[in-house]
Amino acid sequence: MIRLPAAATVANYTQEDKLHKDLLIFACAFMNLAVVLWLAIYWVMGLHFSANVPLIYQLVSVASLVHFFRTRKFEIFRFVQLSLFLFVPFVMQWSIGSAVTSSGVMLWALLAPIGALVVSGWRDSVPWFVAYIIMTVISGFFDYYLAVDSTGVSMKTIGVFFALNFAAMSSIIYFLVRYFVLEMDKIKSQLDQQHQLLAEEQKKSERVLLNVLPNSIAQRLKEHHGLIADGHADVTVMFADLVNFTQLTESLSPEQMVGLLNTIFSGFDDLCEKHGVEKIKTIGDAYMAVGGLNRERSDYTGDIADLALEMRDFVSTHPDLSRYGLGIHTGIATGPVVAGVIGTKRFIYDLWGDTVNIASRLTDEAIQDVIQVDKTTYNRIRHNFAFEPPATIHVKGKGEMVMYRLTAKLSEDQRRGNSTGSFRTVKSQGFGEQISP
């Protein structure tokens with residue numbers, strides 16, 4: 001579920017509050033204009049007492065409006081206006097006579113519950129509607145038992161006033177609700193834009209998350225904030241370290257150095273995606289990747305070997321890199337690791353274990369453009385790749401260890417020859433001829 005940030009929610013509430021205030025001011029202004037008209041008509045008709053009622057209404061209404069503009073206390077202004085909407089029409093009707101002789105002027109009181117509905121919400125409108133119904137019942141009781149039939153107003157005039165009352169009240173309600181709907185549409189449109197912007201920002205955040213974490217780990221991290229730690233019984237880890245880069249940085253500006261690293265590592269990232277392996281991290285001018293975290297690919301050791309060969313070719317043949325004389329040396333090891341996310345702010349996904357240490361040490365022991373692998377890796381991919389004869393190196397904490405230098409990938413014919421047990425001769429890049437059984 002997408003949730004709006006607090007700032008967006010506050011902005012939304014502010015817009016709604018402004019809409020409520022604008023609606024009530026609009027209704028107040030409209031009612032005062034109508035009151036001026038009614039005041040004039042009643043005065044001309046000689047209904048001086050009844051004319052005092054709209055006059056008092058206007059004075060109280062304007063006073064509350066001025067008080068609101070000075071104090072910005074909307075609750076007081078709202079209560080006064082809704083009370084005027086509710087009670088004044090009934091007082092006018094009782095001063096004139098019955099509902100018929102007053103031409104149904106009590107209909108104006110309906111503006112109170114409707115106004116409460118649009119400026120306060122449906123819960124706050126309920127008491128005003130109940131009050132309107134009670135006042136209507138009381139008015140009906142007065143009409144039945146106390147009303148006087150003759151008021152000196154002709155039935156034709158009463159009929160005209162009925163039309164005026166219904167037309168004016170219907171117009172106020174229509175324009176009030178129309179204004180409310182239009183403003184709510186604007187707020188909804190703004191809210192939709194905020195949702196869209198939030199969704200875009202969420203996509204950006206997810207892309208950033210996927211750039212630093214494997215997809216499965218990113219999904220788990222989004223779903224819960226607990227500790228993420230996994231044991232993997234078998235993965236293939238690769239370290240690749242640039243050669244001559246440290247010396248090169250002394251002759252480059254910071255922008256050139258970062259741009260060069262960005263070119264190299266962006267190319268490595270594309271190759272990782274191509275072969276379906278996970279980039280783990282970069283450490284200075286070193287690059288770490290692993291195959292086997294995603295079990296959808298079964299030959300992840302072969303994928304890492306392909307990646308190592310293509311990374312070596314990328315550094316040596318890229319037009320923006322070849323002029324610098326850069327090289328790369330690589331170490332690959334296969335075995336169990338522990339993987340997990342560490343940190344709470346600038347968190348990273350990392351691997352630990354002997355397999356990682358061996359891959360790192362094989363990288364350190366390799367020379368430029370050499371890919372060194374441990375025995376487990378060699379045994380797993382030896383039918384598909386060409387190697388130099390084994391050599392023994394000393395690994396800190398492990399002692400003497402046999403390693404192999406990966407030189408090239410075998411062609412289909414060479415792989416078929418290898419499967420039948422015949423000998424093959426492979427011309428490797430810079431390592432002379434290799435004869436493998």
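A disulfide is taken here as a pair of cysteine sulfur atoms within 2.5 Å. By this rule the chain has 0 disulfides. Cys-28 is buried at 2% relative accessibility. Cys-272 is buried too, at 3%.

The model is predicted, so local features need pLDDT of at least 70 and side-chain atom pairs count only at pLDDT 80 or more, while totals for chains, interfaces and linings use all residues. Residues are numbered from 1 along each chain as its sequence is written, and side-chain values use heavy atoms, with hydrogens and water left out.

The chain holds 13 helices and 11 strands. These elements are DSSP runs, numbered from the N terminus: helices are H or I with at least four residues, strands E with at least two. Of the 437 residues, 42% are buried. Contact means heavy atoms within 4.5 Å. Among contacts with a separation of 6 or more, 68% join residues 24 or more positions apart.

A nonpolar core is a set of buried Ala, Val, Leu, Ile, Met, Phe, Trp, Tyr and Cys residues joined through side-chain atoms within 4.5 Å. The largest such core has 37 residues. Met-31, Tyr-57, Phe-77, Phe-85, Leu-86, Phe-90 and Trp-108 touch the most other members. At least two residues of this core come from each of α1 (6-44), α2 (48-71), α3 (74-96), α4 (111-119), α5 (122-145) and α6 (155-212). Beyond its neighbours within four places in sequence, Leu-86 contacts Ala-109, Ala-112, Trp-128, Ala-131 and Tyr-132.

Helices α3 and α4 were then compared. Their axes come within 7 Å and cross at roughly 150°. Axes are lines fitted to C-alpha atoms, for helices over the stretch in contact, with angles from 0 to 180 degrees between N-to-C directions. The crossing makes α3 roughly antiparallel to α4. Angles over 145 degrees count as roughly antiparallel, under 35 as roughly parallel, 65 to 115 as roughly perpendicular and the rest as oblique. From α3, Arg-78, Leu-82, Phe-85 and Leu-86 meet Leu-111, Ala-112, Gly-115, Ala-116 and Val-119 of α4. By class, this contact has 7 nonpolar, 1 polar and 1 charged residues. Ala, Val, Leu, Ile, Met, Phe, Trp, Tyr, Cys and Pro count as nonpolar, Asp, Glu, Lys and Arg as charged, and the others, Gly among them, as polar.

Helix α4 is largely enclosed by the rest of the structure, because 8 of its 9 residues are buried. Among them are Pro-113, Ile-114 and Val-118. Gly-121 follows α4 and has a positive phi, near 110°.

Positive phi also occurs in residues other than glycine. Arg-72 has phi near 60°. Arg-72 sits in the loop between α2 and α3 and is partly exposed, at 49%. Asp-369 has phi near 65°. Asp-369 lies in the loop between α11 (354-365) and β6 (371-374) and is partly exposed, at 26%.

Val-235 belongs to strand β1 (residues 229-243). Val-235 is buried, with a relative accessible area of 0%. Its C-alpha atom is separated by 5.6 Å from that of Thr-334, 99 residues apart along the chain.

Methods: Buried < 20%, exposed > 50% of the residue type's maximum accessible area, 1.4 Å probe, protein only.
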